[in-house]
Amino acid sequence: MRKIYVAGNWKMNLIDDITPVVQISKNVKNLEIIIFPPFTHLQKYSEILNKTNIKIGAQNVFYEDRGAFTGEISYKFLEEFGVKYVVIGHSERRNIFKESDELISLKLKKILKTDIKPIFCVGEKEQERNLNKQKIVVENQLKISLGGIENNFKNIIIAYEPVWAIGTGKNATPFDAQEMHQFIREQLSTLFGKNIAYQISIIYGGSVNDENAKDLFREDDVDGLFVGGASLKGEKFKKIIEIVEKQII
Ligand code: PGA
């Protein structure tokens, strides 16, 4: 059985009030709830969440342990705050900060040698979808960044996040999400074998909210949700978690 994730990516924002989320942090078998605050707030939230089942993640990481890399953060520093997950290859990193598939690959290879698990984001842009190139784009992202990885594949979590759906209020339809998740699993199967591909969780991100969460999560290959904007409102994020919990139990 694949692990289910509900993850909140705060980006360069803070949540209005985490209390509702903390209150529901009961242990649901097979469900992992993760929040990704900005680096500067990792300590604060790792203390707040210390006695809950909610995990803490970082939004980025560099692939070296230390050295002359101004502005970068090593996994060793993240570990000090109890970070268990890290986002790698988010479309905002790719598009605004020009991160390449090759750089993303170096980060993935590094993190897979540690106890931190990567949430590796892939997804096509609007123009690529309009040209029906979404599969080619995502296949390339997967091949370049996952090629050459030799072990711990099972620790990878993939987030399918079509760029046109991020922050736009226009989520992928459950049908389109399922089609892409299934396609991603086929690619993982080619890269790592069927058995491993079946065990890797693939979560959906892009304008997830408390109204579309149920239908998106219902799809067979959608193993969880990656939530941006709606994770900044404690009550809304709580609702999304509860929607997923109900469908698991
Ligand atoms: P959104 O962001 O939910 O605000 O669309 C998702 C993401 O970028 O992870």
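This is a predicted model: local features need pLDDT of at least 70, side-chain atom pairs count only at pLDDT 80 or more; totals for chains, interfaces and linings use all residues.

Tutor: Residues are numbered from 1 along each chain as its sequence is written, and side-chain values use heavy atoms, with hydrogens and water left out.

Student: How many helices and strands are in the chain?
Tutor: Helices (H or I, at least four residues) and strands (E, at least two) are DSSP runs, numbered from the N terminus. The chain has 11 helices and eight strands.

Student: Which residues have the most contacts inside the largest nonpolar core?
Tutor: In soluble globular proteins, nonpolar side chains tend to be buried together. A nonpolar core is a set of buried Ala, Val, Leu, Ile, Met, Phe, Trp, Tyr and Cys residues joined through side-chain atoms within 4.5 Å; buried means under 20% relative accessible area, exposed over 50%, partly exposed in between (1.4 Å probe, protein chains only). In the largest core, of 66 residues, they are L146, I158, Y204 and L225. Helix α8 (residues 174-192) gives this core its largest share, six residues. Apart from it lies another core of 12 residues, including A7 and F36.

Student: Where is K238 found?
Tutor: K238 belongs to helix α11 (residues 234-248). Counting contact as heavy atoms within 4.5 Å, K238 touches P20, V21 and I24, leaving aside residues up to four places away in sequence.
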